[in-house]
Amino acid sequence: MASNKKYWKSVEELNEDSTIVKALKDNEFVTEIPTDEFLGNKEVLETSSTTRRDFLKYVGFTTAAATLAACEGPVIKSIPYVVQPDEIVPGVANYYASTMADGFDFANILVKTREGRPIKIEKNDLAVNGGSVNARVHASVLSLYDKNRLTGPIVDGAEVNWAEFDTAVAQKLDGMAGKDVVLLTQTFASPSTSKLISEFTAKYPNVRHVIYDSVSCSGALDAFQNKYGTRALPDYDFSKADVIVSVGADFLGDWQGGSYSKGYAQGRIPKNGKISRHIQFEANLTLTGAKADKRVLATPSQQMQILKALTGGSASGLPENVVDAVNKAKAQLQKAGSKALLVTSLPDVESQTMALNFNANSEAMDVNKPLLTRQGSNSEVMNVVNGVVSGSIKGLITVGVNPVYSLPNNIEFAEAYQKLEMSLAFAMKQDETASLAKMVAATPHYLESWGDAQIKKGTYSLMQPTIRPLFNTRQFQDCLMQWTGKAPNYFDYIKENWTASILEGGSWNKALEAGVLASSAEMIMEEVKPAAEGAGAMEGSTSNGAFSALSQDGDYELTLYTSTGLGDGQQSNNPWLQEFPDPITRASWDNFLTVSAADAEALGLENYHVSNGALNGSYVNIAMGNVVLENVPVIIQPGQAKGSVGLALGYGKTAAIQEEMQTGVNAYPLYQNFSEVQKVNIEKAGGMHEFACVQLQSTMAGRSNEIIKETTLEIFNTKNISEWNAVPVVDYDHSPIEVRDKKADIWSPFDNTIGHHFNLSIDLNACTGCGACVIACHAENNVPVVGKEEVRKFRDMHWLRIDRYYSAGETFKEEIEKLENLPAFETFKTVEVPAYENPQVAFQPVMCQHCNHAPCETVCPVAATSHGRQGQNQMAYNRCVGTRYCANNCPYKVRRFNWFLYNENDEFDYNMNNDLGRMVLNPDVVVRSRGVMEKCSMCIQMTQKTILDAKRDGRAIKDGEFSTACSNACETGAMVFGDVNDDASEILKMKKDDRMYHLLESTGTKPNVFYQMIVKNTSEA
Amino acid sequence: MSSHYEAPIREPLVLGDKSYHDISVDVAAPVLGKASKSWWIVFTIALVAFLWGLGCIIYTISTGIGVWGLNKTIGWAWDITNFVWWVGIGHAGTLISAVLLLFRQKWRMAVNRSAEAMTIFAVVQAGLFPIIHMGRPWLAYWVLPIPNQFGSLWVNFNSPLLWDVFAISTYLSISLVFWWTGLLPDFAMIRDRTKSPFQKKIYGILSFGWSGRVKDWQRFEEVSLVLAGLATPLVLSVHTIVSFDFATSVVPGWHSTIYPPYFVAGAIFSGFAMVQTLLIIMRKVSHLESYITVLHIEYMNKVILLTGGIVTVAYAIEFFIGWYSGVPYENYTYLSFGAATGPYWWAFWALITCNFIVPLSLWVKSLRRNIMWTFFVALIINIGMWFERFDIIVVNISKDRLTSSWTMFQPTFVDIGTFMGTIGFFFVLFLLYARTFPVIAQAEVKTIMKTSGEAFKRLRAEHGDDHSHVQHVEQYPADAGPAANVEDKDFDSAFDDLTEEESENNEIDIELHRGKIENLLSRIGTYDPEVNKQDDLKKISGVGPVMEQKLHQLGIFTFEQVSRMTDREYDLLDEIISEFPGRAKRDDWAGQAQALKNKN
């Protein structure tokens, strides 16, 4: 409705003829705007310096400048696919089955790739006899992205292309006709490679193939070959053995290829009130010895006698306690009959034969389908070495081996090697051998290669590339194909071979997808020459075989071993493995001589903590004949047999190794006659070594009831649970109640009944401390490597660590008794120092316990760490301001602070500091910046993926679908992860298990991680 | 504040024959004068230390907390040790200014200004550490509950660190306001005394236009009381809350219900030690021995003895309960056998020696009053209290529940440099303060002159407690209080008159006035001690002790004599005693005397 209102501007409007009203009506501006005042005076305008043109120029310039400034921004290079590959969906991982076979580690694996980049290794669940996916295998993906790798073939020090290289090699090979040329390779255990090599040697008859295992199993191979005709290693299924007696064999470590922990763990989980009985006689403290029910100290020479005594000989001459132990072990072995198993690591043929004969009737030993992962023969290798040194061998082609580094007489050999007419090295890096070779063929990493393997007879597996070769490399087999003029490439060759026999009519694609195939087809392997007459005879060998070494002069018996982290040393340039703490000593970035406390005292060696808590240790010189290893750091090792010392092989590499990772001393010069046991002299050297040890307090100081619970099988079977797995009590109204009681809780609980609620169970009986989970966690969660200096400052970033405890008394139980009964001052001295003689040992993986009542959550001022609906304690890195209060308040000390910027920082020149190394990063997990707290997330990216996949598919999630990196990596099944709200889940069963307990339960944190206590079989009868 | 009675047996709080004017001059001297060489030397050292610390802080922030010696087990060490130490030191200031104000402890007046300054400067140092100890200090504002761009992100009110934020900021602001309020009349004094126009301007602004009106004083008193009331709970709350950082945690040795009271006592203990350290130096350097006396030092030593005793009892209880609980985790807490014999034995014994054994010497009176010894003990306590916090933080977390994580801590040069830097910063501030602020609350000290000043005490001792001087001086506007300082001429206060009279004009020249005196006495009558009784002439309004003395010299001893005075006698009297012309007449001494005589 139109308004009739009239608005007045002034009373003037009443006056109809007002000029003012008229003026207002006519003019927009009542008074004239004095434009002339500032524009009218042309003279002034002309004299002013700013003309209109200038003004427009300024406007134009500023607009342009502002526009330009706005255009500037960080340039991030990202190159899209020109043609999108069918199988790659950005953001979705692809898994490829493959096989690692580097001559030391053989394993069937799954390779996780993201956008075409392999980022993680996982075990292949389809593989039955697929070797061991250990820490090194998990870490091998990082070795792919090693910036020190060779980028192309080299002839006489100059990089060439492959065509030139082929010509050079062909010329050389032709020129070598009639001269003795040796093809020295690793063990491939590959049917196709075997065939190819025989074709190659057929073409060049002057070339003979010799297999060289840098860590030899020759004695066992010889023994097996003598008895069963095949050059192979017997396979053992430890789950079938009721009584296991090991004489020095670290079968949970790298003994004979080391793939036995899974079977062993099966037998160690109480089932129907039974577990196997494990007795270990050993000199070094090994993972296996740590897990044994009974561990008896014996030097290698004593072990020989023990083995004889166990297999029928006499035990006289041994110390009394050992005799007793031997007799009891013998009785138990006999009683167990076909369920007994005796294994030994003594390197001589005789000992191996004794064990082989003893086990002849054992159900646990499989001789029909033996392992093919070691093929080398000491005598053959010695022949080659002698030939090269003497000059009778004119040419040497090395593949996957590094003799200049790993031979005992490497210096002598290196000199001779340089004089060879032909020296061709197939190598991934410019290693010790390759750097001296005249021709170097750059080989790809196994994740860039095709291949096949027969780890165990009758079980075949395939290796497939998961990324296009990063550098101008060509694998050994393709080179052979090229040089023998065969089929176009190795892939076709394998496919041909497989189709011809192994597949037995099956689908190649299916086999490739599965990665493994059981086949009865006998693929003709290259005939491995039997050892020279006299079964593994070597120069100077006696009837005692390798024990000739022990006849040398020397006060100490040295046992050489391979460390869990570095193995034979192939992956020395892998920062994950360097930073991986040794499971026993928990020292990273080093190898060291392990010495018993008694011997250390006699030699004046010491280990002590400096004021920031870091470990320092004396140096020694180790002498063996003419060979002297100088300045070897010493760790005083509880449980080391008196008179024995231990040293890890695989360290001290320097060629093509980043400076930070040139750690430790090379122990191969002591590996005379390829015997792990040697006699040496030791003298103290000056100076102190700085160790980077992640655990300094070795005992639980009498707290095992709250940390690692343990009982014996007898008590477990006969006594009430409250006697061996009591829940801690607290006072409530002057009467004790269990901490699990709701009344003990001052907090209102979270509602965990809706949706998923994740729990993780860790069975301490099954955990062998192998550390595969540590590396898997490293890879999955982009955990930074911080370097030796920082580890020494106790700042390692491992989200998952494996604590190792020694008992202060004979057992953990005795330790508690000491704490309770001794007077105050004595207590501390007694319970803090491990029983150096022969302590009990226990491992405990510890990661964030994801407490339902988390002490960290309450104290964070900005609520950066808070509780998730699925039970996790979550960490919002972006919100964290870094007060570290949460870490202080964490009873489990699992929180890790980013003290520095660990990525793209030259101070931390590890994989996160170069473009190549960063390719391994998991794009699903953020790389943390400095100043924030981080910790285990229970692999929330993995559980969320599972949930979202199921949601997309519109299905319920089955038990077993949920997993974490660590539970996936655990071969022994010690780690079980799942949803406790799923009534059918395995994890719920584990939660209700009688052995279940929480770490530090009395603090009332109600963790979502729980442990299954240790049960030991102490029965002597 | 009104005057009060103080027993003569008490030692004076202001020594020497100080006049109000003297106080003004003494207090203003460091501000208006030139700095001494020693001041420059100390200031330079402090400044260098401060700059070095600043460098360390910049290095830390630009590189990462890793430049400190911390590790994955020990997430706090020197940073929070220093934080708690500095906060603790701050407590003495508030206790002195607030609690002692409420309890009307006059001796606080000489020390409260510096103690409060110390509080503020210490809290500034303390506040630095929670910020720089953060991994990402540029996000420090996230701990404030402010609306933000992150959606519903809010702080965690469960966290004791957040309580700290509130506690410390409240504490700092209240302390600052309280300090400033007390400074107003003193700033005004300096404003009025300075001849530099620049200083006049600055102090004019700082004194908020203080004019010395009665209303000013009334409001001043009221605000002081209100602030004291507000600040008193803070004395208890701040360190209680700081102790919650530890007490509410699950770390053995931290989780302790005794912490709040024990921390408060420890804070006062260390705070007084720091006050001693500072004031013993300052009284010497700034020539304030008359105001900060041995008595003050002894009083503070007594507080130290008390709070030190509380702390010691707390130690004993901690030790006993830890042991008695039988919990193995308690075996390694900072007060336990484990700590005493473990790798940190030296820190344990440093704590026991510095905080328990050495302060015991203060039970001996001669040591308590020995300035050098007090200084030494105060230094030891400062060190000991630092060790207490170090022990609580580092020793406790170095041996926590899971033995696999046990480790130790070693400071780096950055840890040490940062700490030294804060000490330097503290002294830079304190030295600047000593040169620019009235370091003694002169206005307040003036209020106790008559009760606690040595000269007045002596006077009273000579003339008895009943001998009133108040009536006399009240006649002068200058007597109203320290506002008398507003104008220069008023510095000649009543007290000055009195002393001058006593010292110079006390004796009347009897010979000169013999004729007049005889004339006067003939009119009003003579005094015969054997017949007449002497009256207390001071009862006459206008007759003070001095005047009485003069009248006595003239031979006037009774009301009878005075009551006979008329205008002529008054004139005669004025001629003889020339100082107060017309007073007797004005006050009608004769009338008063008549009345008093009749009363008798």
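Student: Helices (H or I, at least four residues) and strands (E, at least two) are DSSP runs, numbered from the N terminus. Where does A:Ala656 sit on that basis?

Tutor: A:Ala656 is in the loop of chain A between β26 (644–649) and β27 (677–690). The model is predicted, with local features needing pLDDT of at least 70 and side-chain atom pairs counting only at pLDDT 80 or more, while totals for chains, interfaces and linings use all residues. Residues are numbered from 1 along each chain as its sequence is written, chains are lettered from A and ligands numbered from 1 in the order in which they are written, and side-chain values use heavy atoms, leaving out hydrogens and water.

Student: What's the phi of A:Ala656?

Tutor: Near 55 degrees, which is positive in a residue other than glycine. B:Phe208 also has a phi near 55 degrees, and lies in the loop between α6 (197–206) and α7 of chain B.

Student: Is A:Ala656 buried or exposed? And B:Phe208?

Tutor: A:Ala656 counts as buried, at 19% relative accessibility. B:Phe208 is exposed, its relative accessible area being 60%. Buried means under 20% relative accessible area, exposed over 50%, and partly exposed in between (1.4 Å probe, protein chains only).

Student: Change of topic. How much do chain B and chain A bury between them?

Tutor: About 5200 Å², with 56% of it on carbon and sulfur atoms; this is the accessible area (1.4 Å probe) that two parts lose on being put together, summed over both. B:Lys72, B:Arg136 and B:Leu402 supply 16% of what chain B buries against chain A, more than any other three residues.

Student: How many salt bridges cross the interface?

Tutor: Four, by the rule of a Lys or Arg side-chain nitrogen within 4 Å of an Asp or Glu carboxyl oxygen. A:Glu832 pairs in this way with B:Lys399, the closest N and O atoms lying 3.8 Å apart.

Student: Which helices of chain B each supply at least two residues to the side that touches chain A?

Tutor: α2 (37–63), α5 (160–193), α7 (214–247) and α10 (337–341). α2(B) gives the most, with four residues.

Student: Back to chain A. Which residues of α27 are buried?

Tutor: In α27 (residues 812–821), A:Phe812, A:Glu815, A:Ile816 and A:Leu819. Down the axis of α27(A) they fall within an arc of 100 degrees, so they line one face of the helix. The arc is taken from the directions from the helix axis to the C-beta atoms.

Student: What covers them?

Tutor: The cover of the buried residues of α27(A) includes β29 (710–712), β33 (801–806), α28 (824–832) and β34 (841–846) of chain A.

Terms used: Contact = heavy atoms within 4.5 Å.
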